[in-house]
Amino acid sequence: RLVNTELESTIEKTGAEQITSRDQAVNYHISYTANIKDYIGEAILTITDELPYKIDSMNSNLSEGNYNEETNTITWQINLGHMNTFETGNKQIDIEKQIVVIYQNLDASKDSIENKVKGKIELTQTDKKNEVEDTAKTNIDIVGTVVVKYIDIDTNEEITYVKDGKQETYQYEFTNKVGTNYETEKKNIKTYNFVKDSGNTIGKV
């Protein structure tokens, strides 16, 4: 007996607000809910997490999900079993997944990444199905440093000078978000003539 089967569902994905290192373990939480009314039969739920980069699956915690490296997805397929809502009342489904992933080849110059999750429930005794999705955005704030040194070409050592009785070098640094432009300065150093640079006096951190 099937009379106007009703199916409603929601999915939500939340996660770390920012990534500050390439090898950071990034936490995400997936919450799926559904409510089924007036139905007798089986139901299957498929949750698919679409990742923006490949992950180190050996060192990630996927909460029993199956990782597909080709499609770059984590999938959970859950057989919800047989139900008869006419006898037991509406069927409420609540699924929580807590995962931790380590991305590979993360582009640290980007401002953010987006991670999409989809939840699809199918009522196998009818053609009734429902699919919902959500997106979690994570900011990328990875800082890099460029070290600039002035080298004596004959000794292959840093050029030094004495200040207040202490030996100093002309070394300085650029520290900024990865992908930020930098440009070094050609210094005039007494008793030295400039010969050549390293070829990367202008670039990105």
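Two strands are taken to pair if DSSP finds at least two bridges between them, and the strands themselves (E, at least two residues), like helices (H or I, at least four residues), are DSSP runs numbered from the N terminus. The views show a predicted model, in which local features need pLDDT of at least 70 and side-chain atom pairs count only at pLDDT 80 or more, while totals for chains, interfaces and linings use all residues. Residues are numbered from 1 along each chain as its sequence is written, and side-chain values use heavy atoms, with hydrogens and water left out.

**View 1. Strand β3 between its partners β1 and β7.** Strand β1 (residues 6–15) runs antiparallel to strand β3 (residues 25–37) and is joined to it by 10 bridges; within this pairing, Leu7 has Ile36 of β3 as its bridge partner. Strand β3 is also joined to strand β7 (residues 91–102), again in the antiparallel sense, by 12 bridges, and here Tyr32 stands opposite Ile95 in β7.

**View 2. An open sheet of 6 strands.** The order of the strands is β2-β9-β8-β4-β6-β5, and their pairing is mixed. Because β2 (18–19) and β5 (66–68) stand at the edges with a single partner strand each, one side of each is left without a neighbour in the sheet. Further in, β4 (residues 40–50) pairs antiparallel with β8 (residues 112–123) over 8 bridges, and Ile47 stands opposite Gly119 in β8.

**View 3. The largest nonpolar core.** This core, a set of buried Ala, Val, Leu, Ile, Met, Phe, Trp, Tyr and Cys residues joined through side-chain atoms within 4.5 Å, where buried means under 20% relative accessible area (1.4 Å probe, protein chains only), holds 37 residues, of which Tyr32, Ile47, Val101, Tyr103 and Ile121 touch the most other members. Two or more residues come from each of β1, β3, β4, β6 (73–84), β7, β8 and β9 (129–140), and β3 gives the largest share, 6 residues.

**View 4. The surroundings of Tyr103.** Apart from neighbours within four places in sequence, the residues in contact (heavy atoms within 4.5 Å) with Tyr103 include Ile19, Arg22, Tyr53, Ile113 and Asn115.

**View 5. Residue classes in the lining of the largest pocket.** The lining has 12 nonpolar, 7 polar and 8 charged residues, where Ala, Val, Leu, Ile, Met, Phe, Trp, Tyr, Cys and Pro count as nonpolar, Asp, Glu, Lys and Arg as charged, and the others, Gly among them, as polar. A pocket is an open set of points on a 1 Å grid over the protein atoms alone, where a 1.4 Å probe fits, with protein on both sides within 12 Å along at least five of seven lines, and lining residues have an atom within 4 Å of a point.

How values were computed
Buried < 20%, exposed > 50% of the residue type's maximum accessible area, 1.4 Å probe, protein only.
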